[in-house]
Amino acid sequence: MLTLFHHPMFATCRFVRLAFGEYSEELALIEEKPWARRKEFLNLNPAGTLPVLLAEGDVPIVGAGAIAVYLDETRGVLKRDRRLLAEDPIGRAEIRRLQAAGCCWLKLQQEFAPAEDRAIL
C-alpha cells in the first residue's frame, strides 16, 4: 500500500488525496506537521515540504506535480477513460505548462502580498 505524508489543510495535499480518490486507490495517510521538522520526515525529504508519497519500494516522491505524474503513469494507463492527464504528449506538455504557471503565480503572490496577507498564503 502507498503511504502519503500530508497535512489536511494544505491544498497540494488535498489535490493528491482527490487524485487518488478518482482512481479509487487505497492510501495510508500520515499527518505531518512540516514546521515541526521531525528527523524521520526530513530523512525522507530534506526540504521538509509536503506532500510526500512513499511508493513501491519505499521510494519517496516529493511534490503534488510529481505525485500526479507518478499516479497517472502507474495507475492512469490502466484506466484510460478516467485518466487525469492527457494521452498525447502535446496535451501533457500543456498540463505541465499550466501547472508551472500556477506555481509562479503563487510564488509572486507570496513575495509581493502585503505583510498582513502573507500569513494566509
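Analyst: The answers below go through helix packing, cores, an aromatic pair and some backbone details.

User: What kind of model is this, and how are residues numbered?

Analyst: This is a predicted model, in which local features need pLDDT of at least 70 and side-chain atom pairs count only at pLDDT 80 or more, while totals for chains, interfaces and linings use all residues. Residues are numbered from 1 along each chain as its sequence is written, and side-chain values use heavy atoms, with hydrogens and water left out.

User: At what angle do helix 1 and helix 3 pack?

Analyst: Helix 1 (residues 11–22) and helix 3 (residues 64–74) pack at about 10°, and their axes are 9 Å apart. Helices (H or I, at least four residues) and strands (E, at least two) are DSSP runs, numbered from the N terminus. Axes are lines fitted to C-alpha atoms, for helices over the stretch in contact, and angles run from 0 to 180 degrees between N-to-C directions. The two helices are therefore roughly parallel to each other; that label applies to angles under 35 degrees, with over 145 roughly antiparallel, 65 to 115 roughly perpendicular and the rest oblique.

User: Which residues make that contact?

Analyst: Helix 1 contributes Thr12, Phe15, Val16, Ala19 and Phe20, and helix 3 contributes Ala64, Ile67, Ala68 and Leu71. Contact means heavy atoms within 4.5 Å. These residues divide into 8 nonpolar, 1 polar and no charged. Here Ala, Val, Leu, Ile, Met, Phe, Trp, Tyr, Cys and Pro count as nonpolar, Asp, Glu, Lys and Arg as charged, and the others, Gly among them, as polar.

User: Which residues touch the most other members of the largest nonpolar core?

Analyst: They are Leu2, Phe20, Leu53 and Ile67, in a core of 14 residues. A nonpolar core is a set of buried Ala, Val, Leu, Ile, Met, Phe, Trp, Tyr and Cys residues joined through side-chain atoms within 4.5 Å. Buried means under 20% relative accessible area, exposed over 50%, and partly exposed in between (1.4 Å probe, protein chains only). Helix 3 gives the most to this core, with 4 residues.

User: What does Ile67 touch?

Analyst: Leaving out residues up to four places away in sequence, Ile67 touches Leu4, Val16, Phe20, Pro51, Val52, Leu53 and Ile61. There is also a second, separate core of 6 residues, including Phe5 and Phe41.

User: How are the rings of Phe5 and Phe41 placed?

Analyst: Their centres are 5.8 Å apart and their planes lie at 45°, so the pair is tilted. Rings of Phe, Tyr and Trp (its six-membered ring) pair if their centres lie within 6.5 Å; planes under 30 degrees apart count as stacked, over 60 as edge-to-face and the rest as tilted. Phe5 lies in strand 1 and Phe41 in helix 2 (residues 39–44), so the pair ties together parts that are 36 residues apart in sequence. Both Phe5 and Phe41 are buried.

User: New topic: where is the cis peptide bond?

Analyst: The cis bond joins Leu50 and Pro51, with omega about -5°. Pro51 is in the loop between helix 2 and strand 3 (52–54).
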